[in-house]
Amino acid sequence: MNLKIGVDVGSTYTDGVVIDDSGRILHNAKEMTTFDITTGIVGVLGSLATKLGSDKDSLSAVMIGTTHGINALSQVKSLNRIAVVRISLPSGSGIPPFAEWPPSLREYLSSHVIMVHGGHEYTGDEISELDENALKSFFRSIKGKVDAVSITSVFSFVNPDHELRAGAIARDILGDDIFITLSHNISSLGLLERENSTIINSAIEKVMRNVISATRKTLGKLFPERVKLFFSQNDGTVAEENFATKFPVFTVAGPISNSVRGAFVLTGIEDAVVLDIGGTTTNCGVLTKGYPRESSNPVEISGVKTNFRMPDIIAIPLGGGTTINGFNVGPLSVGYELPQKGLSFGGDILTTTDVSLALKEHNFENTDYRKVLSRNNGEYLDKVYEIMSGKWFEVFDRMKSSNTDVPLIAVGGGSFMIPPGFPGASGIIVPDGAEYANAIGAATSQVGSVIEKAFSYDTVQRNRAIEETISAAKDNAELAGADRSTLEVKDIEEVSMPYLPGNSVKVSVRVIGKMRL
Amino acid sequence: MSYIFKLDMIDALSLGSAVMGSGGGGNPYVGALLLKNAMERNHVNHIQVYAAEEIDDCDTILGSAGMGSPVVGVEKLPNGTEYAFAVKMLSEYIRKTPSHISPMEIGGINSLVPFICSTYLDKPVIDGDGEGRAFPELQMTTFSGFGNKVSPVCVVNEHGDYAIVESDDDHRTEKMARAITLSFGGRGYISLFPMGGQDYRRACIPDSVSRAYEIGESLIEGYRSKDAEDRLVNSSGARLIYRGKITNVVRRTSKGFSHGYFMAEGSENFAGTSIRIRFQNEFLVAEVSNGDDSWVTVAETPEIISVMDSESFYPVTTERLKYGFRCSIFSIPVNRKWFEVDYKKIVGLGNFGLLREDSEHI
């Protein structure tokens, strides 16, 4: 027997499940999400260990989806002291790094910034030679003053040479303990957004290290030493702790992707729209070939414009604890206080849960929907439910990518509220275990990697370009903890880059495989 | 009337320019950041703007703009001095010092470019341009319509390399300048259309900068007061031509331009109909069908076609169109100056290969 634990940090609850080889859920646990997040995770691990008893010796891996990184940014807490290098001169200095950042973050992170000569054209030719001397004297001047370095060069996703060389110089002068992020490993087109993403990666590395050491400490007390630790990534795969420490930005949206991924695991449906209805919000995402669809627009994180790969999600303020005021639904929510404040639970606030229970004439263990009916007439409740449904219909329709009907999967604690019919849906599925879809998503995810490279098909043959990208993706997946022999190419995408001559194409390849245990 | 342009006016000008850009003109975000930085760097807190009617006969006006791929424009950013350098080298070439800098077009980054120039050269900007919107090619201006030449053009890169392009034929000028821009890595910074005061006054579209600013300002106010649509209509004379949801986007790239069309199905008063809008970098023609296969043109170049996000009421550029997007589509009248020239020859559908007989090939 081979057991795995999945833990997912939501905005209200931190959920955990234990699953066996066949994907069966053996145990589950739920804790309030704590302000520091870690305490909630440790609590869930503790109660799962208790429930497992002597079976805990069969545990092989723990997978965690957490929002530590975003929290650290929004609180400007536990961030690395960093140096920011942009390789672009004589171009680029018209907009220096940190343009339009929130002042508190900028102040903390922007003490050591330099722009030097170098960078490439879209063709891969040099804009100018890399100014190694400027880099050397800069790194010497900041030695001992920073924990991490962020290096971004123009068109490095076409030619990474200058970033690689600058990284080697930084390593040489600043030593092995310094953390270095090179932008071509993070994202592609859009210098400012890529630079921002690279800075964020360097800044939140310490947070990730702290989570890992705290979790490791707990695991050490509760479970056998050989247990592997993985983190959920934004694309619905997981990566081993060492990889997650190198690329913490790739895990900031782990919990959001986990529920989309969990919807697939619970239903086996590869292409669908997923509504994850929680306590305060509904997150709407899309399953494409079993994985969350990515956003094509820049995503703002803690007020900073970024462009690394993030799930395409629309969040609306409509969850199980959303309060009703006349014909206004939300945006306020009673959140985790639903069991005290909701009308059907004996409280005095009308929430979406109360409306849904009354209309569906359904009860949970601790509810009585008649309490809702005694204070509200049916016509009014119908009208409110119609307004709620309208919001779900709209977000569902906005996320569909074509006019044809698609299946809809509802998960999350509020999924019982879902209307019985959706315009444009070929079917509505609320799977068993929907409440734990996020933790199940974390526990069952495979190791994966997506690599994006830019080529000019006029100079590089198409199949060579694709082969090169596949092999880079496999190397990366191996670093993320995959067993190379199990790696499969899941997706090859070619996007031509508008306005650029020479048949310029962005090739992205996704590979997925089993974890190396 | 002359007025003073200040730092806090940048966001409104950039937003209004995006509305008037007819879906094109590149990324206004980069332009706004560049201008903010240029004002800070050069310790400029106000820029003098003159109305076209205030230009004297003896004045010399140079146009200022960026050209080439907006894709390169978001990766290889300028250092900020390029636009001013292009003006300087063109003025050396023609041996005349400019008295004013003029926008070439209103849209995206290009309405802000003359202001960036001005912070380096200490020259005033003119409240006018040659298009009153954005178009993809250099000669697609009222400047040309009144017989002025695009050339000589100075094309500059970030190294301070420059080329002077000179030809009697505007189309050849455009072709050469575009080729040089490609050799500069896909993005060039240009100064063009040298004109005397009299020619400029006759050929320019007056008040276009303040029109963009007013549209932007009224939209920003409208976001606060939740009546952005009314304010757009009042400030720009916009006419709602459609409301609906995008059902299909078709795009292809050739010769350095992005061509294609998108379709939407109607909601509210437009339920049961569809709209088809063709573009080449900018939106060019909008046609509505009542379900049969006949299409009726409801707006056409040079009229501005502005696609707004129905929810946020922000303007949407052609590269961001996608399925499911809720949009409100407006046509905004262009300045009547366009109708004083042979506009069909300069910016009519035929210039984009979109005349009825060949439109099926798109």
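Helix α11 of chain A (residues 352–360) is largely enclosed by the rest of the structure, because seven of its nine residues are buried, where buried means under 20% relative accessible area, exposed over 50% and partly exposed in between, calculated with a 1.4 Å probe and protein chains only. Helices (H or I, at least four residues) and strands (E, at least two) are DSSP runs numbered from the N terminus. The model is a predicted one, in which local features need pLDDT of at least 70 and side-chain atom pairs count only at pLDDT 80 or more, whereas totals for chains, interfaces and linings use all residues. Residues are numbered from 1 along each chain as its sequence is written, chains are lettered from A and ligands numbered from 1 in the order in which they are written, and side-chain values use heavy atoms, with hydrogens and water left out.

The buried residues of α11(A) are A:Thr352, A:Thr353, A:Asp354, A:Val355, A:Ser356, A:Leu357 and A:Ala358, and they pack against β17 (322–325), β18 (328–333), α10 (338–341), α12 (370–373) and α13 of chain A. Just after this helix, A:Glu361 takes a positive phi of about 45°.

A:Lys400 is buried, with a relative accessible area of 5%. Leaving aside neighbours within four places in sequence, A:Lys400 is in contact (heavy atoms within 4.5 Å) with A:Val273, A:Asp405, A:Val406, A:Gly424 and, from chain B, B:Tyr323. The C-alpha atoms of A:Lys400 and A:Asn376, 24 residues apart along the chain, are separated by 35 Å.

Chain A as a whole comprises 15 helices and 23 strands, and 55% of its 517 residues count as buried. Its radius of gyration, taken over C-alpha atoms, is 24 Å, which agrees with the value near 24 Å that a compact globule of 517 residues would have under the globule rule of 2.2 Å times the number of residues to the power 0.38. Along the principal axes, the C-alpha atoms of chain A fill a box of roughly 80 × 55 × 45 Å. Among contacts in chain A between residues at least 6 apart in sequence, 67% join residues at least 24 apart.

Chain B has eleven helices and 16 strands. The radius of gyration of chain B is 19 Å, close to the 21 Å given by the globule rule for 362 residues, so chain B is as compact as a globular protein of that length. Its C-alpha trace spans about 60 × 45 × 40 Å along the principal axes, and buried residues make up 62% of the 362 residues. For contacts in chain B between residues at least 6 apart in sequence, 72% join residues at least 24 apart.

Beyond its neighbours within four places in sequence, B:Phe5 is in contact with residues including B:Leu35, B:His46 and B:Phe115.
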